[in-house]
Amino acid sequence: MPKPSTREEATTSRPLTIAVPKGRILQQLVPRLSRSGTDVQSLLDDDRTLIRMDDAGQLRFLLLKPDDVPTYVEYGVADLGIVGRDSLQERGGDVYIPLDLEIGRCHLAVAGKKGQPLREREDGRPLRVGTKFTGLAQQHFKKKGWPIETVYLQGSVELAPLVGLTDVIVDLVESGRTLEENGLEEFETIQEVSTVVIANRVAMKLHQTEIQRFLKALTAGAAS
Amino acid sequence: MSRDPVSGGAPPLSPVRDSLASPPAGLRDVLYPESARIRGLCRRLMGCFSTHGYDPVMTPLYETEHALRRGVLRRGESEWIRFVDPDSGEVSVLRRDMTPQVARMAASRFRNRPVPWKISYEGQVSRRMRGRSKRPRQVTQVGVECIGLGGALGSDPAVQTDSDTAVLMAEAAAAVGLGQAQIELGHAGVARALLSLVPVEVRGGLRQALVPKDQAQVKRILQGAQVPQEVVDCICGFMDAYGDPSVLGQARKISVPGPVSNAVAGALNHVQGVTARLERLGMGDRLHLDLLEPRDLTYYSGLRFGLLSPGPGELVASGGRYDGLLHSYGVEQPAIGFAFDVGHLLWALECDGASPGMDVLPRVVCAGPSGQHAQALREQGWSVNVLPGSPTLGDALAYARQWNYQGVVWSDPDTAAGELAAVRVVDSREARWGTVEAMVKSAGWFLKRNS
């Protein structure tokens with residue numbers, strides 16, 4: 001048997017490692033992977049293992065919290081990752097973004113109590129903004145030239161303006177129903193958000209063949 | 001309250017719990033054996049550069065900010081760590097990389113000497129990285145600069161110098177055991193030309209989307225700016241132009257708008273010339289091309305290259321041509337160079353299963369009556385630590401284990417003093433007894449047992 005070339009050695013005999021987020025994105029991702037021909041049974045297994053292999057031993061999934069996905073990919077322990085643009089931009093990550101899956105679509109928005117339009121405070125105090133996305137909120141209001149004070153909140157962000165903790169919130173909005181039910185309204189959109197595939201900068205090149213094959217299958221899965 | 005005579009009044013540190021016992025965030029202490037591996041790698045890399053005529057220099061720990069705020073010297077400005085020099089009162093910058101310092105040094109000290117000026121360097125640089133997960137603030141670099149050799153784009157002298165420098169990078173990697181890493185090639189001229197096709201106001205955002213190869217975002221930006229479809233197709237085509245050398249053919253089929261077609265063709269010809277030379281040297285199956293790399297476009301002026309290997313998730317070494325660098329110091333000389341990130345190199349070697357950079361001769365503890373053998377062993381290049389007093393063999397072994405020594409030299413008290421000694425392999429408790437001469441001869445066996 002001929003000795004494999006250096007390029008072949010770099011691209012064979014190892015499974016592709018993919019960091020996937022637990023929760024909402026995973027639920028939307030599984031049908032998409034399935035349509036692409038990927039064996040998703042291991043992702044559906046109802047257990048607490050964090051590393052799942054497909055039956056063929058070609059794909060290894062790491063189940064992570066969404067915010068941790070860019071870290072695993074940037075360090076190279078995962079070749080690819082699935083993550084929302086919101087998490088990626090908030091946390092930052094020196095990675096490639098070869099494919100936008102166009103699932104999990106929503107947008108990042110500024111919202112507040114109905115009837116209290118968004119404006120700078122007249123008493124000179126910086127606007128107090130409740131959000132999990134403190135970095136993106138700072139960037140947005142910096143572009144407007146407004147000084148703000150961010151209050152980091154992990155969940156139930158809509159509560160903050162209702163009880164006077166913050167003046168407004170910056171949060172993901174999908175249908176707007178949660179805002180509506182809590183007497184809030186959207187003031188402005190900061191950016192559109194969707195789920196993307198990210199790739200480690202070195203893995204994308206050393207394992208180009210397998211990664212391109214996987215990405216093509218995912219793209220075809222969207223069309224079918 | 002009485003003053004502590006040693007600390008001058010400050011309460012003594014609790015070494016385990018006190019936060020003052022830790023270095024500042026992002027910085028770290030490097031202990032043996034990692035420190036020995038890093039030093040060993042630096043020494044071998046510098047040795048390799050020396051065989052190619054590169055003279056080592058040492059650069060200052062910091063420069064004034066004023067000196068670095070000109071032209072291409074501003075590279076990586078967002079990562080600078082600044083402070084006020086207490087003597088001059090000037091804002092200063094811890095060295096982020098050594099290339100600007102070498103350029104300053106060369107422009108002022110070597111300007112009357114014939115070219116090429118071939119310079120090598122090693123040392124730590126400091127960075128303040130943001131917007132990413134990996135944020136080391138201290139990086140050990142080893143690199144070279146070759147100043148004064150260049151030529152017109154695609155010309156034989158330029159292709160030869162660029163190829164030789166990329167080959168030196170690969171040769172240095174091989175010298176430390178990373179002989180099969182992939183060599184990445186690209187050219188700054190492609191990204192620069194393509195960015196000039198879009199309106200100035202969208203270039204910054206477009207470049208930011210090109211860095212992560214974010215095709216969806218690039219299309220959104222170009223369509224939002226109502227850029228002609230021909231330009232969209234061209235830029236998106238080049239985004240996919242990475243892979244083995246066949247991508248050059250793929251890139252040549254892309255329709256490049258007239259205003260930049262010559263610039264792009266020139267850059268591709270140059271990459272093709274370098275690729276052909278490296279293929280003739282038998283490196284063809286190690287080449288990886290990435291023709292649209294938009295990082296540091298104000299800095300790089302021509303060929304870019306790097307070393308890809310599993311492990312660190314980032315390039316092990318990187319460099320390229322920066323013909324505008326010396327201009328910042330009033331000297332018109334072309335320049336090319338590269339640097340290894342030694343932390344990444346170590347990571348790649350360990351991932352490759354190598355035992356990188358360690359000393360090649362044994363490192364042992366000498367105890368008890370065997371102390372008289374220490375000097376003889378040192379003369380053979382061994383690292384010998386003579387323990388004071390009269391420790392037992394058990395104490396000497398415990399010390400050796402704690403401090404990562406490979407063995408203990410111990411005389412057998414039942415035999416004639418000074419005639420016999422033993423080397424004891426620390427972990428397996430294997431031992432070889434014999435004369436000092438026999439021990440030195442057994443160094444190969446000793447190291448093999450401890451590798």
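Me: What makes the pair B:Leu315 and B:His344 a polar contact?
Reply: The backbone oxygen of B:Leu315 lies 3.1 Å from a polar atom of the B:His344 side chain. A polar contact is a pair of N or O atoms within 3.5 Å; within protein, one must be able to donate a hydrogen and the other to accept it, and residues adjacent in sequence count only if both atoms are side-chain atoms. This is a predicted model, where local features need pLDDT of at least 70 and side-chain atom pairs count only at pLDDT 80 or more, while totals for chains, interfaces and linings use all residues. Side-chain values use heavy atoms, without hydrogens and water.

Me: Why is B:His344 called buried?
Reply: Its relative accessible area is 10%. Buried means under 20%, exposed over 50%, partly exposed in between (1.4 Å probe, protein chains only). So B:His344 is buried.

Me: Which residues does B:His344 touch, not counting residues up to four places away in sequence?
Reply: Among them are B:Lys134, B:Pro312 and B:Glu314. Contact means heavy atoms within 4.5 Å.

Me: What makes A:Asp100 and B:Arg220 a salt bridge?
Reply: Their closest N and O atoms are 3.9 Å apart. The rule asks for a side-chain nitrogen of Lys or Arg within 4 Å of a carboxyl oxygen of Asp or Glu. Therefore the pair counts as a salt bridge.

Me: How many salt bridges does the rule find across the interface of chain A and chain B?
Reply: The rule finds 5.

Technical notes: Residues are numbered from 1 along each chain as its sequence is written. Chains are lettered from A and ligands numbered from 1 in the order in which they are written.
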